[in-house]
Amino acid sequence: RMFASRLAFVAPRVHGALRVAHARPGRFVARGKHKSSTTTMGAIVVPPATVVPHREGETFNVKGLRLTDHFFTVPLDHFVQPSDDSSMDAPASRETITVFAREVIATSKASDPTFDKQKLPALLFLQGGPGFEAARPTETGGWLQEACKEFRVFLLDQRGTGRSAKISVDSLRREFGDDDQGKASYISHHRSDSIVADAECIRHTVLGADTKWTLLGQSFGGFCITRYLCASPNGVREALYTGGLPPLIRHPGNAALGTYGKLLERIKTQNVKYYKRFPGDVGSVRGIAEFLREKGPQQTPNGSRLSLRGLQALGFSNLGVSGGFERLHYLLETAWDVEGETLSYSFLKGVDDALAFDTNPLYAVAHESIYCNGGGEPSAWAAETALRGGGTYGFDTSLECDFGEKAPFYFTGEMVFPFMFDEISALRPLKNAANILATKTDWTVLYDADVLNENTVPVACASYTEDAFVDWDLANETAREILGARVWSTSEYMHSGIREDGAVVFSKLLAMVRGDDPMR
């Protein structure tokens, strides 16, 4: 199912429509010589951070907050080297994209006529993902309300999401047509190294090169913080992690396989807990599974197909998050129109909603690449390999193993599998690009543990002991690599702690990182 040959990646093809001055919003090509040059931090290649073109958009209020939109023009490929040909007869083309960030200030501050926002310290929030935009505040509350007591907060739509040159099936088709190699190459520029390079350009532009900001990263946002500490620590005042320490950063290559092996054990524990909460669902889920095995995949309202593997994947956003058990149970309650004969429209629509990649396909296509840390190894559909490996009792979808009549059918967790690109309608057009990315071997180095061993930035981490998205053991292994990092290990919250009790989590981490909550 995967290409056997090694694939050389090249810069995305530049289409004629992008060479003109009226190129469509979000992405264009600037003509001229490449002036950028890179430096290194250990094994890390670091692009230059510069002031970039910037436009301030509208300012508006929601309850308790004043929001201002900002648009920045940044290189698509921050790491491109200058041309060796210095003559003006051979101009280089440099493709750029628009990156969006929303500035948030408490209205209690902003409404003061003497208020100067430049005097407020800045905080950059790095969203979980990969492939999701920052939240859109409708009113003050949670961690944001707490942060706005001190900071002006920047909510970044990471490249490829939201208003930052958003990637969609349609946008890729417009740009690249049937060129799957071009699509894959373009997507490859959307990892944490490029996100951090964007953030540094934004910092230089809005704050100035000498002004540092505080970082807050949830889940994949913590992966971005780790890249920041490796590549551009001089831009960071302090760093706060919530459930997002990247695993196996000393692994020379693809850490995904080892990560998913550990996470499957965590997911198995979540399944046991789920069926203990809802023991009647053992029979309910197996009844649906038996129906799918006998009748075959069922079409869903959006044109996807629900197979046994799709049923298994319903744990994706339901195991290991607050309220997830309840959501899954209530979805299963709706399973039948006619029990044993016809699955209900409500249930099939709920399946579509639970596996909704249509608005954010980047999340699925780029998912395993976030674990590739140089080393010449592909991600190679690591979750699939781990699932099919040893020690996965309960995850076999054949229903023919000797589980016993009442043995539970286990759900998988936050993992992307090849079958999804066949069965989920929104992902089918990206199947070839996903396979190309799964075989890509020339990934750049994202992290350098030796650099982290010399860290001077104050760091505090919330690490959740029952986290089913970021393995607690592997996360703490990484925390030990970051000199001076303080870790708050707790079972009180799941992976979604920042959403469950954001003000408490944020305040705790800020107190830890500043020594107001002293070590004991």
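The model is predicted. Its chain has 520 residues, of which 58% are buried, and contains 19 helices and 16 strands. Six cavities of 30 Å³ or more are present in the structure, and the largest cavity holds about 90 Å³ of space.

**Overall architecture**

- The secondary structure of the chain comprises 16 strands and 19 helices.
- Among contacts between residues at least 6 apart in sequence, 78% join residues that are at least 24 apart.

**The largest cavity**

- The volume of the largest cavity is about 90 Å³.
- Its lining is formed by 13 residues, and those closest to the cavity centre are V365, E368, S379, A434 and A438.
- By class, the lining residues comprise nine nonpolar, three polar and one charged.
- Two helices, α12 (361–365) and α15 (431–439), each supply at least two residues of this lining.
- Helix α15 gives the most to the lining, with three residues.

**S379, a residue of the cavity lining**

- S379 is one of the lining residues closest to the centre of the largest cavity, and its place in the chain is the loop between α12 and α13 (382–387).
- The relative accessibility of S379 is 5%; because buried means under 20%, S379 counts as buried.
- When neighbours within four places in sequence are left aside, S379 is in contact with N254, E368, C372, L437 and A438.
- Two of these contact partners, E368 and A438, are also among the lining residues closest to the centre of the largest cavity.

- Helix α3 spans residues 169–176, and its buried residues include V169, S171, L172, E175 and F176.
- These residues lie on the same side of α3, because they cover an arc of only 165° around the axis.
- An α-helix has 3.6 residues a turn, so residues three or four places apart point the same way.

Conventions
Residues are numbered from 1 along each chain as its sequence is written. This is a predicted model: local features need pLDDT of at least 70, side-chain atom pairs count only at pLDDT 80 or more; totals for chains, interfaces and linings use all residues. Side-chain values use heavy atoms; hydrogens and water are left out. On a 1 Å grid over the protein atoms alone, a cavity is a set of points where a 1.4 Å probe fits but cannot get out, and a pocket is an open set with protein on both sides within 12 Å along at least five of seven lines; lining residues have an atom within 4 Å of a point. Grid points are joined across faces, edges and corners, and a volume is the space filled by probe spheres set on the points. Helices (H or I, at least four residues) and strands (E, at least two) are DSSP runs, numbered from the N terminus. Ala, Val, Leu, Ile, Met, Phe, Trp, Tyr, Cys and Pro count as nonpolar, Asp, Glu, Lys and Arg as charged, and the others, Gly among them, as polar. Buried means under 20% relative accessible area, exposed over 50%, partly exposed in between (1.4 Å probe, protein chains only). Contact means heavy atoms within 4.5 Å. The arc is that of the directions from the helix axis to the C-beta atoms.
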